[in-house]
Amino acid sequence: RHLWRALQRFDVWIEPALVAEWSRMIVEYATAQGRSIPDGMIAAAMTWSEPDRDVKIARDRALKLLNAGPLHCVWSGRVLTPTTLDVDHCFPWAAWPCDDLWNLMPAHRSVNQAQKRDRLPALEMLRSVQPRIQEWWQSGYLDAGKQTLGERFVTEARATLPLLGPSDAGLDDIFTAVTLQQTRLYHDQQIPLWSPPRSRAVASLSR
């Protein structure tokens, strides 16, 4: 934790130093091969490209399910409406920019924006809502009526979650991999955990 705080404190110097050193190594490598690389090309290649959020597929699926029947916030269990629906990144975008379908969850706007925000769900929180998460995965993606959407969901899970092999495509397997990834993110980045207290306010959201 102390190392992470130190890196945050000195990141204004660390990043330029790393970029400068990497640029120098590129020039040396190209020179050894008898090639010349313009400075502008190196600078353009080293410019950070901020990824864009893309939640359209998850939102469209959630709205379609809302039109067919009740859809619940995975975190609170509260019934959603088109005006209260948010698509939440289970693992916060600020810490890990991942728009994989398995990471996109229907959530109540007040829960997502006022409670969870950019925090990482604690393991006990994840496990307590496992049935709702898996219900969303099933109805949102696997039962979408489009084979490619279900295939994309499974393919993305295998590509980004740990310890998922070709035969580990069940929802229980994927959820276990999600909990392992949560542990990795917490230990690697020390993201603040979210585990809402069992209060009357929280309990009322599940009704």
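This is a predicted model: local features need pLDDT of at least 70, side-chain atom pairs count only at pLDDT 80 or more; totals for chains, interfaces and linings use all residues.
## The nonpolar core

The largest nonpolar core has 46 residues, and the members that touch the most others are W75, F91, W102, W136, W137, Y141 and F153. Several elements each supply at least two residues of this core: the helices α3 (56-68), α5 (123-128), α6 (130-142), α7 (147-160) and α8 (171-189), together with the strands β1 (85-89) and β2 (104-108). With six residues, α8 gives the most to this core. As background, nonpolar side chains tend to be buried together in soluble globular proteins.

Which residues is W137 in contact with, once its neighbours within four places in sequence are left aside? The list is W102, M105, L142, F153, L171, I174, F175 and V178. Two of these partners, W102 and F153, are named with W137 among the core residues that touch the most other members.

## Helix α7, inside and out

Next, have a look at α7.

Which residues of α7 are buried? They are L149, G150, F153, V154, E156 and A157. Viewed down the helix axis, these buried residues fall within an arc of 160°, so they line one face of α7. The cover over them includes α3, α6 and α8. Q147, T148 and A159, on the other side of α7, are exposed.

R152 is partly exposed, at a relative accessible area of 32%, whereas E156 is buried, at 14%.

## Strands β1 and β2

Now turn to β1, which is mostly covered, with five of its five residues buried. Its side chains point two ways: L85, V87 and H89 go one way, while D86 and D88 go the other. The strands β1 and β2 run antiparallel and are joined by five bridges. If you look for H89, you will find L104 of β2 standing opposite.

## Salt bridges across the structure

How many salt bridges does a search of the whole structure find? The search finds six. One of them joins the side chains of K116 and D88, at 3.2 Å from N to O. This pair links distant parts of the chain, since K116 lies in helix α4 (residues 109-116) and D88 in strand β1, 28 residues apart. Are these two partners buried or exposed? K116 counts as buried because its relative accessibility is 0%, and D88 counts as buried at 3%.

In helix α1 (residues 2-32), E28 and R24 are four residues apart, which means that about one helical turn lies between them. These two form a salt bridge whose closest N and O atoms are 2.5 Å apart. Both are partly exposed: E28 has a relative accessible area of 46%, and R24 has one of 38%. The pair also belongs to a network of salt bridges that links E21, R24 and E28.

Technical notes. Residues are numbered from 1 along each chain as its sequence is written. Side-chain values use heavy atoms; hydrogens and water are left out. A nonpolar core is a set of buried Ala, Val, Leu, Ile, Met, Phe, Trp, Tyr and Cys residues joined through side-chain atoms within 4.5 Å. Buried means under 20% relative accessible area, exposed over 50%, partly exposed in between (1.4 Å probe, protein chains only). Contact means heavy atoms within 4.5 Å. The arc is that of the directions from the helix axis to the C-beta atoms. Two strands pair if DSSP finds at least two bridges between them. A salt bridge is a side-chain nitrogen of Lys or Arg within 4 Å of a carboxyl oxygen of Asp or Glu.
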